[in-house]
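Please keep the sequence and the model in view while reading.

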Amino acid sequence: MSSSDRSPAVDLTRTYEVRTYGCQMNVHDSERLSGLLEDAGYVRAPDGSDGDADVVVFNTCAVRENADNRLYGNLGRLAPMKTKRPGMQIAVGGCLAQKDRDTIVKKAPWVDVVFGTHNIGKLPVLLERARVQEEAQVEIAESLEAFPSTLPTRRESAYAAWVSISVGCNNTCTFCIVPALRGKEKDRRTGDILAEIEALVGEGVSEITLLGQNVNAYGSDIGDREAFSKLLRACGKIEGLERVRFTSPHPRDFTDDVIAAMAETPNVMPQLHMPMQSGSDTVLKAMRRSYRQERYLGIIDKVRAAIPHAAITTDIIVGFPGETEEDFEQTLHAVREARFAQAFTFQYSKRPGTPAATMEGQIPKKVVQARYERLVALQEEISWDENKKQVGRTLELMVAEGEGRKDGATHRLSGRAADNRLVHFTKPDEEVRPGDVVTVEITYAAPHHLLAEGPTLKVRRTRAGDAWDKRNATEAAKPAGVMLGLPKIGAPEPLPVATGSGCGCD
């Protein structure tokens, strides 16, 4: 490694803040950015600093139409703060940085560093170079320089972790700009993935989520169509690993061996998030999705036959160019048939650089809004009905941190069931820590959560809870932190309907 590539030493009093927008891949990248900065000597800014840090990093998303406005609005609010604080630095990375490159510095000349999706490991070096040279550093790599999981990390959870198995995407969906920004799919070696998981378990992690832009296409680099199912089964052999999840799979690559691996591997959770995008074959063809409604619903039928209690969630785009009322009715039909536990719904957003942006038949906003509201109303009804089926069941929950906003007032705690449903439960008399496991009986269902209002039936203290205790003791001696813009590593939290789960491009 040359001297120019080494992470520069910095004053230990220099603080940083990372603001994250977009998908789970960005959250994972932000953990690496935080790890890189701390490895270089920066200290996380106190909670609530709101831009009052020495270095503010924006990790951006380019999928939604308002991504640009959101970024430049936030940069504008920081401009006067930077003027008052000599030495303050602002960096912009992620998908929007990869797309806009020099445009960011032209629109916001007070930005010090712009870096892309392929070279997040360069951030500390670029910050130091910008400081020394007193000019903006724009460095966008065209191909991956280092797999994100090989970089230092500051995980947001002591008990659960993301594990990236691939980056990039080989699909050509007409609405999605992500493949152009993150490149073609590149898979990690299976041995490296398993070694990382084993190391995480050794640190106390009991739940991992396998992460990829198109996670179940894993193995395409080596031509092994069953590589992903083999990876799931290998995870089942790791002692101490209690829960395995993955996101997000593509229906095209969802083969029977994956379903079998899910059903036959005890620590693979009975949960599936699989984007449908539309229920209309005509729209799916225009989207350049490689499946049709019958194929999609067939996969769900097979999953439910093998895993009866599986909770299935999805992404749906409303108002894609050319979508007719008949097409939309097909989406509603598919939703009724699928009985999703949750659906993350998007109003189609035109993104420059995608084929869909120039398609004929762009749908008026008023029509899109009306269809969107009808879809949300239908899914709310289904979500509530599906949750009501949980009443009376006894469930094991992994206690979560910060997922119940009213927990303090209601004297409850919150946790995730095996199928990833959020459950608020009565706080037991004995101490319960995030990462511990409790057994409760469900007494009430709402569309987006469940309640267990009776006494906790069982508490199991875990190594994950011990890890949470250890981290808290260590953190108590450090400055308080500021949470990343996208919250709560653990079982990835289903975001509110209409917000989306990220790229929506899987």
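**From overall fold to local detail**

In this predicted model, contacts between residues at least 6 apart in sequence join residues at least 24 apart in 77% of cases. The secondary structure amounts to 15 helices and 21 strands. The protein has 506 residues, of which 59% count as buried. Its exposed surface comes to about 20700 Å², and carbon and sulfur atoms supply 50% of that area.

Phe 115 counts as buried because its relative accessibility is 0%, and buried means under 20%. Leaving aside residues up to four places away in sequence, the residues that Phe 115 touches include Leu 33, Val 57, Ile 120, Leu 123, Leu 126, Glu 139 and Ile 140. Phe 115 also touches Ala 91, Val 92, Gly 93, Gly 94 and Ala 97. Gly 93 is 22 residues from Phe 115 along the chain, yet the C-alpha atoms of the two are separated by 4.8 Å.

Which residues of H7 are buried? They are Ile 193, Leu 194, Glu 196, Ile 197, Leu 200 and Val 201. These residues lie on the same side of H7 because they cover an arc of only 155° around the axis. After H7 comes Gly 204, which has a positive phi, near 110°.

Methods
Residues are numbered from 1 along each chain as its sequence is written. This is a predicted model: local features need pLDDT of at least 70, side-chain atom pairs count only at pLDDT 80 or more; totals for chains, interfaces and linings use all residues. Side-chain values use heavy atoms; hydrogens and water are left out. Helices (H or I, at least four residues) and strands (E, at least two) are DSSP runs, numbered from the N terminus. Buried means under 20% relative accessible area, exposed over 50%, partly exposed in between (1.4 Å probe, protein chains only). Contact means heavy atoms within 4.5 Å. Accessible areas come from the Shrake-Rupley method with a 1.4 Å probe; for residues, only the protein chains shown count as cover. The arc is that of the directions from the helix axis to the C-beta atoms.
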